[in-house]
Amino acid sequence: MTQKQTKTRNGAIDFWKFVFSIMVVQFHSSNLTKIKTTPFVGAAIAVEFFFLVSGYLMAASISRYEEADIKVGRDSRKFMLHKIKGLCPEIFIAWGIGFVVQHIARKNVSLSSLVKDLMTGVWDMFFLRESGLEGFKANPAAWYISAMLLAMLVLVPLFLKNRDVFLNVWAPILAIAALGYLSKNVGDLRGPTDWLGFCYKGFLRAVGELCMGVICWGICQKIIHVPYSRLGKLLLTILELGCYLGVILWSYQHKGSQMDFVMLLLFAVGVVVTFSGHSLLSSFFNHPLVYFFGKISFPVYLSHNYWSHALVRMYPGQTYAQLYPKYVLAFAITTVVIYLTAEGMRKMAPAFFSQCRKLLLETENK
């Protein structure tokens, strides 16, 4: 399998990834209080941005495959393994930290319960939580990773089989069917671990929104080469900011409702404009510091949720105002630990695996 072109970073997407990951951190601070009323109480909607971007990037990646050289089974496997590799080692580092933090918060943990949690936590380790397999959840926020990968496991072979049919037929059908079902039967996009009788809500949400991301990619390809005037770019910039800021402002006081689907549509419009590169802000965000914000957004997402549950147990009786500074400090330190540890592991990985091959595999003398 060969590819037609190389990938480049999009600074604007990196910036918004960081903004919306911070919104998710703020949303989960609601676990620190029983009344669940905090600033940005509806900020769970920020996850929709990540699903759309993941769908867009999935389409962009598959579009680089040479169609004549595609083998659906082989390339589906390669795509999924490459995707999983990109999540490592951060996802496993965060899992380990979450496992320790949650058991420290529980106190008086027996050896048998510790072993049981470790063994049943294997489903999280293999990204299978949203499949329905039950076990210990070391990092509750990692449902998103499981839902995304399981949805891609279904969507990628369809996409590779016939790109034109998937983009113009299957993606719209699956997006409408999944989101329509959620709108009619549930009424919002929240509660990813709610069981719908045949799958988790998060999985269906992932299928619909990844397909929307694919549609965003298709639309973007139509407008990316259009020669917009200065006025046209200004209007697109206003539209882009209006979409993102509109979602942020709405999430400040509103919980899940039918408006979630409207916010998803605003996100989709914003994503198309941002990826098109026609926004006047595009060049402003193409900066190494912004790229770093984009890289660290994943550790930010992985570093906080277990703390929001654990701190309440560690400091019983404390108010939200007392717990919140501890929460911010804990998530900030954990983000740094995950990021630096992952960077170090990536640097050591080639030598480590090379040594493992020498120890475990026989080599022929030449």
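Where is Phe127 found? I open with that residue, and I shall answer after a brief introduction to the whole chain.

Good morning. The structure before you is a predicted model. Its secondary structure amounts to 15 helices and zero strands. The radius of gyration is 21 Å, close to the 21 Å that the globule rule gives for 366 residues, so the protein is as compact as a globular protein of that length. Taken along the principal axes, the box filled by the C-alpha atoms is roughly 70 × 65 × 45 Å.

Of the 366 residues, 47% count as buried. Among contacts with a separation of 6 or more, 78% are between residues 24 or more positions apart. The accessible surface comes to about 18,400 Å², and carbon and sulfur atoms account for 67% of that surface. As for charge, there are 36 positive and 20 negative side chains. The centres of these two sets lie 4 Å apart.

I return now to the opening question. Phe127 is found in the loop between helix 6 and helix 7. Helix 6 covers residues 122-125, and helix 7 covers residues 143-161. Phe127 is not a glycine, and yet its phi is positive, at about 60°. Is Phe127 buried or exposed? Its relative accessibility is 9%, and Phe127 therefore counts as buried.

The loop between helix 6 and helix 7 also holds Asn139. This asparagine is buried, with a relative accessible area of 1%.

Next, some details of the backbone. Cys88 and Pro89 are joined by a cis peptide bond, with omega at about 5°. Pro89 is placed in the loop between helix 3 (72-87) and helix 4.

A positive phi is also found at Phe40, a residue other than glycine, where the angle is near 60°. Phe40 lies in the loop between helix 1 and helix 2, the latter being residues 47-63. At 24% relative accessibility, Phe40 counts as partly exposed, whereas Phe127, at 9%, counts as buried.

The loop between helix 1 and helix 2 contains Thr33 as well. Thr33 is buried, with a relative accessible area of 14%. Not counting residues up to four places away in sequence, Thr33 touches Thr38 and Tyr320.

I turn now to the loop between helix 9 (201-223) and helix 10 (230-251), where Val226 lies. Val226 counts as partly exposed, at 31% relative accessibility. How far apart in space are Val226 and Ser276, C-alpha to C-alpha? The distance is 9.6 Å, for residues that are 50 positions apart in sequence. Pro227 lies in the loop between helix 9 and helix 10 too. Pro227 is exposed, with a relative accessible area of 77%. Along the chain, Pro227 and His278 are 51 residues apart, and their C-alpha atoms are separated by 9.0 Å.

Is Leu265 buried or exposed? Its relative accessibility is 52%, and the cut-off for exposed is over 50%, so Leu265 counts as exposed. Leu265 and Phe40 are 225 residues apart in sequence, and their C-alpha atoms are 19 Å apart in space.

To close, I would ask you to keep two places in view. Thank you for your attention.

How values were computed. Residues numbered from 1 in each chain as written. Predicted model: local features only at pLDDT ≥ 70, side-chain atom pairs only at ≥ 80, totals over all residues. Heavy atoms only, no water. Helix = DSSP H or I, 4+ residues; strand = E, 2+ residues; numbered from the N terminus. Rg over C-alpha atoms; globule rule 2.2 N^0.38 Å. Buried < 20%, exposed > 50% of the residue type's maximum accessible area, 1.4 Å probe, protein only. Contact = heavy atoms within 4.5 Å. Areas by Shrake-Rupley, 256 points an atom, 1.4 Å probe, with all protein chains shown as cover. Lys, Arg positive; Asp, Glu negative; His and termini not counted. Charge placed at Lys NZ, Arg CZ, Asp CG, Glu CD.
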